[in-house]
Amino acid sequence: MERPGPPGACGDRGGTERGLCPQVPELQKGTVRIRQPERVRGIIQALREQGVAKLQVISDFDMTLSRFGCNGRRCPTSHNILDTSRVISEDGKKKLKDLLHYYYPIEIDPNRTLEEKRPLMVEWWTKAHELLVQQKIHKGDIAQIVRESEAMLRDGFKEFFDQLHKNNIPMFIFSAGVGDILEEIIRQANVFYSNVFVVSNYMDFNDDGVLTHFRGPLIHTYNKNNTVLQGTGYFQQLSTRTNIILLGDSMGDLTMADGVPSVENILKIGFLNDKVEERRGKYLDSYDIVLESDETLDVVNGILRYILTET
Ligand SMILES: Nc1ccn([C@@H]2O[C@H](COP(=O)(O)O)[C@@H](O)[C@H]2O)c(=O)n1
Ligand SMILES: [Mg+2]
């Protein structure tokens, strides 16, 4: 039989999905799906009880911290921002769009295995980066390209970044996007705080500020794990941060915390943005909390507020 938690504990109404955690009312939103409410309740409670000093956040960027929908259309990813910008020739734009139309359905296909997808993702990223290098992009144009784009962070981003910063919680952004672009988005949103650390695909420029190549190792959707973090030492420095909130939008994001030593508790929150019906089952199997077509960080902010409130 389930033992009730201490007064005011998450789920002390019995732990049904409805009364999952009354102190986090955002979990009642219609966008929230949870396969194992008891498990989620237990993790949230443990994160709160064990305290802020043990917590770290690991997040994907594109379509997780950034929005999926923009005024009835798809928001651009960090790659798309560059691909569709004024510095790319018409021919370059067409080729990059063709790549997207060919490879994106493969990326999100629930019927293909990760083993099948991996080499195809390497192919996509490699071809796209080669095309971008041919465009002789100037470093000095990046800020303006981002300003002119439709890039948008999810609603509630300021509270999210602020809560983490004020509580000195390290936030690791692990992205297969373009590091220079996503950093600029966060900078222009005024939330690029000292607790934010990014690993992504960064561009290298020559002395004239012209893009010459992308720095390795190449990060694509399905190799976001320890293999591309060698030499960063990031997780090793945070060895006391054994409790994790992981945020992602892809099945590839589930391995982002693989390099963290001695994980005690991990809460995986997945944004299911596209092909919702088709992919729901797999997401519910893999993420503790699934947010369907939810353009906000409300649920994440609600959980953080509860975890960070002093008892
Ligand atoms: N040429 C490309 C390659 C990938 N994408 C999309 O970028 C996203 C990966 O970035 P994360 O921050 O989510 O790791 C992924 O959604 C790909 O579809 C692209 O737009 N263009
Ligand atoms: Mg993503």
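**Figure 1. An aromatic cluster in the predicted model.** In this predicted model, five residues, namely Phe172, Phe174, Phe197, Tyr234 and Phe235, come together as one aromatic cluster. Across the structure as a whole, the count of aromatic pairs is 11, and a further view of such pairs is given in the next legend.

**Figure 2. Tyrosine 103 and its ring partners.** How are the rings of tyrosine 102 and tyrosine 103 placed relative to one another? Their centres lie 4.7 Å apart while their planes stand at 90 degrees, and because planes over 60 degrees apart count as edge-to-face, the pair is given that name. Tyrosine 103 has a relative accessibility of 1%, and so counts as buried, given that the word is used for values under 20%. The ring of tyrosine 103 also pairs with that of tryptophan 124, with the centres 6.0 Å apart and the planes at 10 degrees, so this second pair is stacked. Since tyrosine 103 belongs to helix α3 and tryptophan 124 to helix α4, the pair ties together parts of the chain that are 21 residues apart in sequence. Tryptophan 124, with a relative accessible area of 11%, is likewise buried.

**Figure 3. The surroundings of ligand 1.** The shell around ligand 1 is made up of 15 residues, of which the closest are Thr77, Glu107, Ser175, Ala176 and Lys224. Which helices and strands each supply at least two residues of the shell? They are the helices α2 (78-83), α3 (90-107) and α4 (114-134), together with the strand β5 (171-178). Seen at the level of domains, at least three residues of the shell come from domain 1 (25-67 + 152-308), and at least three come from domain 2 (75-148).

**Figure 4. Residues apart in sequence, compared in space.** Valine 191 sits in the loop between α7 (179-188) and β6 (196-201), and with a relative accessible area of 0% this residue is buried. From valine 191 to phenylalanine 161 the separation is 30 residues in sequence, and 6.3 Å in space from C-alpha to C-alpha. Although glycine 30 and leucine 291 are 261 residues apart in sequence, their C-alpha atoms are 8.9 Å apart in space. Glutamate 123, a residue of helix α4, has a relative accessibility of 34% and so counts as partly exposed. For glutamate 123 and arginine 74, a separation of 49 residues in sequence goes with a C-alpha to C-alpha distance of 23 Å.

Methods
Residues are numbered from 1 along each chain as its sequence is written. Chains are lettered from A and ligands numbered from 1 in the order in which they are written. This is a predicted model: local features need pLDDT of at least 70, side-chain atom pairs count only at pLDDT 80 or more; totals for chains, interfaces and linings use all residues. Side-chain values use heavy atoms; hydrogens and water are left out. A residue is near a molecule or strand if one of its heavy atoms lies within 4 Å of it. Helices (H or I, at least four residues) and strands (E, at least two) are DSSP runs, numbered from the N terminus. Domain bounds come from an automatic or database domain assignment. Rings of Phe, Tyr and Trp (its six-membered ring) pair if their centres lie within 6.5 Å; planes under 30 degrees apart count as stacked, over 60 as edge-to-face and the rest as tilted. Buried means under 20% relative accessible area, exposed over 50%, partly exposed in between (1.4 Å probe, protein chains only).
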